[in-house]
Each structure stands twice: as structure tokens, then as C-alpha cells.
Amino acid sequence: MMQAVRWAGPLTCMALVLLVAGCEDPTKDKPAAVVTESAGEAATSTASDATTLAFTPNTKVGFVGSKVTGSHDGGFNAVSGNVTLSGDDLTQARIEATIDMNSTWSDNDRLTNHLKSADFFDVENHPTAQFVSTAIEKTAEGYTVSGDLTLHGVTKNISFPAAMTYENGVLKATAEFSINRMDFNIVYPGKPDDLIRENVLLKLDIEAA
């Protein structure tokens with residue numbers, strides 16, 4: 001009996017260490033999007049040499065959400081959109097994207113159904129999400145993309161870092177950044193002993209041709 005008591009302390013500590021290690025915030029080392037009120041002014045490209053590129057099936061939009069006890073991968077199977085370019089100056093591009101929220105998926109079927117419910121995306125009342133760029137700026141590391149994101153019936157302007165290239169008629173853009181779901185009135189807290197984190201990691205892999 002005394003031996004069992006002596007081992008209880010170390011085993012409990014080990015379990016706590018494993019629990020903490022397993023629920024690390026996936027947004028911890030990722031840049032956070034800057035979120036502001038929308039000004040309602042989308043970027044335009046009116047040059048006579050403007051070219052419109054359509055999203056290809058290689059385009060992917062994913063997310064990682066987490067709570068106290070762990071995290072879940074997910075994304076959207078139906079993402080459409082286009083990029084309008086004037087020459088090869090990416091700062092003059094206009095990006096438009098639409099997500100079919102009914103195409104939401106996750107690594108757990110029960111969670112997928114919950115994400116589509118009124119607790120989260122409420123796809124019955126908000127069947128699509130949209131993004132329309134308002135500005136693209138060149139930086140030392142790549143680009144900063146700003147645009148109006150409409151999600152869950154709420155429109156906010158978000159700015160985030162991205163890598164972008166345009167070669168041989170194909171535009172590619174990738175980005176990983178976090179957004180706060182509370183900014184879009186997605187406020188479901190989770191269970192009292194297993195709270196859902198407010199920040200969600202977004203993973204963008206866009207190809208347009």
C-alpha cells in the first residue's frame with residue numbers, strides 16, 4: 001500500500017506533463033491577423049491588360065481548432081474564386097473567394113456536424129463565406145494581404161502575411177495565420193472543463209490559372 005502511495009505522485013505528474021504537451025496551442029508561433037472594421041472598399045483592377053485567373057482544384061483552405069485537451073484539423077472541400085491581375089505586379093491584384101460552408105470537414109464526423117450547427121458556422125443561415133481583397137503590399141518577407149472577410153454573417157477587414165508567386169500564367173499564394181473566432185460572433189465556449197480556444201489557425205494554399 002505504501003509503495004502504491006509513493007508511486008502515485010510521480011505518475012500523476014507524468015500524466016499532467018503529457019496532457020500539457022498534447023494540448024499546445026497550434027496558433028502559438030503563428031502570426032495573428034490584424035482585424036479592423038470593414039471600409040467597404042475592395043481593390044480593383046481596371047487596366048486594359050487585366051487578366052482573370054480562376055482557382056484550380058489544387059486550392060485548399062484548412063483550419064486547426066483547439067481546446068484544453070487537444071486539437072482538430074479541418075477545412076472546406078468547395079472553394080471557388082478568381083484573381084484579377086494587371087501585368088505581373090501582384091500588389092495590383094484583386095482576389096475574390098467564396099467558400100461553401102456546407103463543405104466543411106474535420107477529422108471527426110461528430111465534430112463536423114457540430115461545426116455546421118448554430119453553435120459554430122450556422123450553415124443553414126450562413127451557407128457561404130466570402131473574401132474580397134482590399135490591398136496587397138510588398139514586404140521584405142513577401143506580401144501583406146488585406147481584405148474583407150464575411151464569415152457567420154459578420155464582415156471584418158483582415159490583414160495577414162502571405163507568400164505569393166506568378167509564373168507561367170499560374171498564381172500561387174500560401175499563408176498560415178490565426179484569427180479570433182469571437183471577432184465573427186462564433187462564441188460557443190465548449191465544456192466548462194474543456195474550453196475551446198478563441199484563436200483558430202487558418203491554412204491557405206491558393207492556386208489560380
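A nonpolar core is a set of buried Ala, Val, Leu, Ile, Met, Phe, Trp, Tyr and Cys residues joined through side-chain atoms within 4.5 Å. Buried means under 20% relative accessible area, with a 1.4 Å probe and protein chains only. The model is predicted, so local features need pLDDT of at least 70 and side-chain atom pairs count only at pLDDT 80 or more, while totals for chains, interfaces and linings use all residues. Residues are numbered from 1 along each chain as its sequence is written, and side-chain values use heavy atoms, without hydrogens and water.

The largest nonpolar core holds 42 residues. Phe160, Met164 and Phe177 have the most contacts inside this core. Elements that give two or more residues to the core include β3 (60–67), β8 and β10 (154–167). Strands are DSSP runs of E, at least two residues, and helices are runs of H or I, at least four, numbered from the N terminus. Beyond its neighbours within four places in sequence, Met164 is in contact (heavy atoms within 4.5 Å) with residues including Leu90, Ile95 and Leu171. In soluble globular proteins, nonpolar side chains tend to be buried together.

Ser133 lies in strand β8 (residues 128–138). Ser133 counts as buried because its relative accessibility is 0%. Its side chain reaches the backbone nitrogen of Ile95 at 2.8 Å.

Two loop residues other than glycine have positive phi. For Asp122, phi is about 50°. Asp122 sits in the loop between α2 (109–116) and β8. Its relative accessible area is 13%, so Asp122 is buried. For His152, phi is near 60°. His152 sits in the loop between β9 and β10. His152 counts as buried because its relative accessibility is 12%.

Terms used: Buried means under 20% relative accessible area, exposed over 50%, partly exposed in between (1.4 Å probe, protein chains only). A polar contact is a pair of N or O atoms within 3.5 Å; within protein, one must be able to donate a hydrogen and the other to accept it, and residues adjacent in sequence count only if both atoms are side-chain atoms.
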